[in-house]
Amino acid sequence: MNTDYARENMIKQQIRPWEVPDLGVLNLLDEIHREDFVPVEYRQLAYADSPLPLAHGQFTMTPKVEARLLQGVAVKPTDTILEIGTGCAYMTALLAKSGKSVCSVDIYPEFTAAAPEKLRRYQLNNVELQTGDAVNGWNRERTFDVIVVTGSVPKLNEQFQQQLSLGGRLFVIVGGTPAVMEAMLVTRVGDNAWSRESLFETDLPPLVGAESKEEFVF
């Protein structure tokens with residue numbers, strides 16, 4: 001398969017038509033090659049408009065959801081980022097290329113162990129990989145400019161909001177099957193004030209542990 005052609009085709013036919021005109025995002029998707037991160041057996045499907053299976057019953061987001069996520073959080077070069085769910089580390093790489101630093105957490109050691117080699121391929125040395133259950137936040141004494149949750153949650157977790165710095169942005173997908181899930185952008189606008197914007201509707205498997213937690217509040 002000609003991956004360069006597939007990547008170009010994805011950007012033109014999937015990403016741009018799905019309300020992603022941001023040239024910075026489009027250039028980033030062209031620069032960081034998705035096929036270098038997905039499981040080798042799915043390499044030829046790296047640019048398909050569908051989730052790809054990962055180990056432990058997990059899945060990637062679709063490319064167009066990844067693109068809308070990036071456009072929504074609008075990462076700046078000075079931003080510190082928390083990623084909940086490392087997965088195949090493709091989103092980790094996109095965030096690391098865009099911001100100052102990334103703390104990426106996954107509950108599965110296999111994912112965090114596999115990520116460094118993939119990130120080194122793109123000389124991304126600004127990522128701290130940690131393993132643990134971050135369903136209710138991570139390093140709670142810290143705040144971040146951007147927080148990205150790569151699995152859905154049944155309700156918005158207040159802890160994620162609390163870990164935003166002033167002006168910080170949170171991307172999270174809220175809801176549960178069979179109901180419609182909503183991709184949300186939450187921005188901290190004051191010490192105890194947040195704005196919420198609905199970006200689009202989608203469907204995404206739940207963050208591990210989220211479906212059984214009761215601490216979520218909206």
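Is R34 buried or exposed? R34 is buried, with a relative accessible area of 1%; buried means under 20% relative accessible area, exposed over 50%, and partly exposed in between, using a 1.4 Å probe and protein chains only. This is a predicted model, in which local features need pLDDT of at least 70 and side-chain atom pairs count only at pLDDT 80 or more, while totals for chains, interfaces and linings use all residues. Residues are numbered from 1 along each chain as its sequence is written, and side-chain values use heavy atoms, with hydrogens and water left out.

**Salt bridges**

- The structure holds eleven salt bridges, a salt bridge being a side-chain nitrogen of Lys or Arg within 4 Å of a carboxyl oxygen of Asp or Glu.
- R34 pairs with E66 in a salt bridge at 3.0 Å, N to O.
- Because E66 lies in helix α3 and R34 in the loop between α2 and α3, this pair ties together parts that are 32 residues apart in sequence.
- E66 is buried, at 5% relative accessibility.
- Another salt bridge joins R121 and D36, with the closest N and O atoms 3.6 Å apart.
- R121 is in the loop between α5 and β3 (127-131) and D36 in the loop between α2 and α3, so the pair ties together parts that are 85 residues apart in sequence.
- D36 counts as buried at 16% relative accessibility, whereas R121 is partly exposed at 47%.
- K97 and E31 form a salt bridge through their side chains (3.1 Å, N to O).
- That pair links distant parts of the chain, with K97 in helix α4 and E31 in helix α2, 66 residues apart.

**Helix α2**

- Helix α2 covers residues 23-31, and its buried residues are V25, L26, L28 and L29; helices are DSSP runs of H or I with at least four residues, and strands are runs of E with at least two, numbered from the N terminus.
- Viewed down the axis of α2, these buried residues fall within an arc of 160 degrees, so they line one face of the helix; the arc is taken from the directions from the helix axis to the C-beta atoms.
- The buried residues of α2 pack against α1 (3-15), α3 (63-73) and α4 (90-98).
- Exposed L23 and N27 sit on the face of α2 turned away from its buried side.

**T112**

- T112 belongs to helix α5 (residues 109-120) and is buried, with a relative accessible area of 8%.
- Beyond its neighbours within four places in sequence, T112 is in contact (heavy atoms within 4.5 Å) with T86, D106, L129, Q130 and T131.
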